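Subject: The structure to look through

Hello! Here is the structure I promised to pass on to you. Have a look at it first, and then read my notes below.

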Amino acid sequence: MGGFNIKQSFASAKTEYIKWICDARMIILAVLLVFIHTFAITPLTENAKLMGKPLNMLEPFIAVANSNMLLLIIPLVFLTLVADFPKIDTNTVFYIARVGRMNWLTGQILKLVFMALSLIGVVFAGTVTPMLTSGYWGNSWSEVTTGFAEAFPDRSGNFGVSLLPENLYNQRSVFTLAIQSYILMFAYLMVIGMLLLSFSLVKQKTAGFVTCGAVISMGAALCAINSKLMWVTPMAHSIIWLHYTKFFRQPIVSITGSAVYFVTVLLLLIFFCCIAISRFNYDNVSEITM
């Protein structure tokens with residue numbers, strides 16, 4: 001058994017990732033995209049038709065990435081898709097012994113990165129593609145977003161307006177928000193995956209799955225009631241409009257603060273996994289499976 005080898009770790013991650021994307025559970029993504037289209041894209045495009053103005057192509061993605069409801073659904077879908085992560089059975093144990101513990105662990109983290117990026121990539125493509133024929137590309141907010149409530153005061157409370165609140169378009173440009181939303185959603189999914197990995201390495205996979213579900217649901221509940229306790233959960237840190245008031249740029253919690261939160265949590269989980277894999281006992285592998 002050799003020392004640490006990033007190429008070996010990457011090859012391991014690539015092989016397992018390919019198996020993951022070929023899993024029959026990927027059909028769930030199609031259901032997710034239909035839900036996103038109904039929940040977010042349709043209300044926004046209906047408002048655009050009423051105004052006779054185009055939407056920015058990135059606005060539906062920003063709306064999805066900052067929706068309390070969808071940031072409950074998307075992590076739950078991700079949790080379902082990665083429920084058996086990391087897959088450890090008798091064959092895996094022999095593989096760990098052959099490639100080395102740290103190489104295997106690095107490969108699992110790389111696989112998690114690929115999986116999280118893939119899900120967000122699907123969400124991004126699913127929100128941008130329908131806008132290719134009717135939207136425009138640019139760094140400016142559309143008149144639909146900034147002026148619909150004024151143009152149609154009797155419809156100012158409709159769902160399409162609430163998807164992109166003042167806390168977003170009064171604070172940052174479209175490109176900045178799209179990039180930040182992508183990164184923060186990615187970090188959120190990484191936390192979920194690293195929790196699963198951490199619990200699996202101490203042979204408590206079922207407890208890990210339940211914990212991830214609790215973290216997601218608790219975050220959604222606390223954000224829904226706008227409790228200050230929501231800032232202990234990754235969900236609040238991934239929703240950008242929660243960071244700001246409607247009109248002033250003085251943040252309630254800074255984006256930098258949220259970045260520090262995610263980096264700290266992920267580094268702690270990685271450190272825990274490094275300790276756990278070094279002490280990993282190959283006996284009773286069945287304890288790991290759900």
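Phenylalanine 4 is found in the segment before α1 (6-21). Its relative accessible area is 54%, so phenylalanine 4 is exposed. The words I use here are buried for under 20% relative accessible area, exposed for over 50%, and partly exposed in between (1.4 Å probe, protein chains only). Helices (H or I, at least four residues) and strands (E, at least two) are DSSP runs, numbered from the N terminus.

Before going further, please keep in mind that this is a predicted model, in which local features need pLDDT of at least 70 and side-chain atom pairs count only at pLDDT 80 or more, while totals for chains, interfaces and linings use all residues. Residues are numbered from 1 along each chain as its sequence is written, and side-chain values use heavy atoms, with hydrogens and water left out.

Now to the inside. The largest nonpolar core has 90 residues, and Phe78, Trp104, Leu197 and Leu201 touch the most other members. By nonpolar core I mean a set of buried Ala, Val, Leu, Ile, Met, Phe, Trp, Tyr and Cys residues joined through side-chain atoms within 4.5 Å. Helix α10 (residues 174-201) gives the most to this core, namely 17 residues.

Which residues does leucine 197 touch, not counting residues up to four places away in sequence? They are Phe85, Pro86, Trp104, Leu105, Gln108, Ile109 and Cys273. A contact here means heavy atoms within 4.5 Å.

Two of those partners deserve a look at the backbone. Phenylalanine 85 and proline 86 are joined by a cis peptide bond, with omega about -10°. Proline 86 sits in the loop between α4 (70-81) and α5 (90-99). Most peptide bonds are trans, and most residues other than glycine have a negative phi. Lysine 203 is not a glycine, yet has a positive phi of about 60°. This lysine 203 lies in the loop between α10 and α11 (205-224), and counts as buried because its relative accessibility is 13%. Asparagine 226 also has a positive phi, near 55°. Asparagine 226 is placed in the loop between α11 and α12 (234-238), and its relative accessible area of 52% makes it exposed.

On to charges. Side chains of opposite charge can pair when their charged atoms come close. A salt bridge is a side-chain nitrogen of Lys or Arg within 4 Å of a carboxyl oxygen of Asp or Glu, and by this rule the count comes to four. In one of them, lysine 111 pairs with glutamate 16, the closest N and O atoms being 3.4 Å apart. This pair links distant parts of the chain, with lysine 111 in helix α6 (residues 101-128) and glutamate 16 in helix α1, 95 residues apart. Both lysine 111 and glutamate 16 are buried.

Aspartate 23 and arginine 25 also meet in a salt bridge (3.2 Å, N to O), and so do arginine 25 and aspartate 84 (3.3 Å, N to O). Together, Asp23, Arg25 and Asp84 form one network of salt bridges that share partners.

Helix α6 also holds phenylalanine 114. In sequence, phenylalanine 114 and lysine 14 are 100 residues apart, but in space they are 8.7 Å apart, C-alpha to C-alpha. Leaving aside neighbours within four places in sequence, phenylalanine 114 is in contact with Phe10, Ala13, Lys14 and Tyr17.

Finally, how many disulfides does the structure hold? The count is zero, where a disulfide is a pair of cysteine sulfur atoms within 2.5 Å. For cysteine 273, the closest cysteine sulfur is in cysteine 274, 7.1 Å away, and so too far for a bond. Cysteine 273 is buried, with a relative accessible area of 0%, whereas cysteine 274 is partly exposed at 26%.

Enjoy exploring!
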